Amino acid sequence: MFIETEDTPNPETLKFLPGRAVMGAAGTADFGDVVSAEGRSELAVELFAHADVRRVFLGNDFVSITKHPEADWPALKPILLGLLTSFFEANRPVFVEGQSASAVDAAIAEKDSETVQRIRDLLDERVRPAVASDGGDIAFRGYRDGIVYLSMQGACSGCPSSRATLKHGVENMLRHYVPEVSAVEQVED
């Protein structure tokens, strides 16, 4: 098995492409530490076993891994490639049986449901593909009083340019297409 890697805009995060589905249609999963992965994803737990791994994000067909700032990619990358290769060659399940990547959505007022659907559609069609190409994802967390709450995941979490992407790119687009939107705020997971 050959796993390609791609740099991301976040210098601490590398995108690993195993040439096969990781999450497929199941969505995405973002693990900020080993505790959040335990009992859910064997793959994420194994990656966190390396002390230099700080965050694991599972996408449709990629795995983004964020290292601690003091860690060195030339030393860490071959170790992670070996782990990922062994895991995928063994055809092991990414999630523990009975677990999934279910997202947590904020409660939506009935009167806002049409607005929320338009926001979600724009995020899915225009934003998420671009963010995924950088090794991350953007998750809808809620909408209230004209404010859209989003969280950046994977390579985008902690990326120096993520706040600018949200405020100048995503917020401007949403305000243009959904006049009810007045602002976008980042929520930390």
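Predicted model: local features only at pLDDT ≥ 70, side-chain atom pairs only at ≥ 80, totals over all residues.

Visitor: At what angle do H4 and H5 cross, and within what distance do the axes come?
Guide: Roughly 130 degrees, and the axes of H4 (residues 113-133) and H5 (residues 162-177) come within 11 Å. Axes are lines fitted to C-alpha atoms, for helices over the stretch in contact, and angles run from 0 to 180 degrees between N-to-C directions. Helices here are DSSP runs of H or I with at least four residues, strands are E runs of at least two, and both are numbered from the N terminus.

Visitor: Which residues make the contact?
Guide: H4 brings Ile119, Leu122, Leu123, Arg126 and Val127, and H5 brings Val170, Met173, Leu174 and Tyr177; contact means heavy atoms within 4.5 Å. By class that's eight nonpolar, no polar and one charged, with Ala, Val, Leu, Ile, Met, Phe, Trp, Tyr, Cys and Pro as nonpolar, Asp, Glu, Lys and Arg as charged, and the others, Gly among them, as polar.

Visitor: OK, switching to the sheet. What's the strand order?
Guide: E6-E7-E8, an open sheet of three strands with mixed pairing; two strands pair if DSSP finds at least two bridges between them. E6 (136-144) and E8 (183-186) are the edge strands, each pairing on one side only. The twist averages 30 degrees from one strand to the next.

Visitor: How many bridges link E7 and E8, and in which sense?
Guide: Four, in the parallel sense, with E7 covering residues 147-154. Isoleucine 147 stands opposite alanine 183 in E8.

Visitor: And which strands does H5 touch?
Guide: H5 packs on the sheet against E6, E7 and E8, its direction making about 150 degrees with that of E8.

Visitor: Zooming out, how many helices and strands are in the chain?
Guide: Five helices and eight strands. Along the sequence the pattern reads β-β-β-α-α-β-β-α-α-β-β-α-β.

Technical notes
Residues numbered from 1 in each chain as written. Heavy atoms only, no water.
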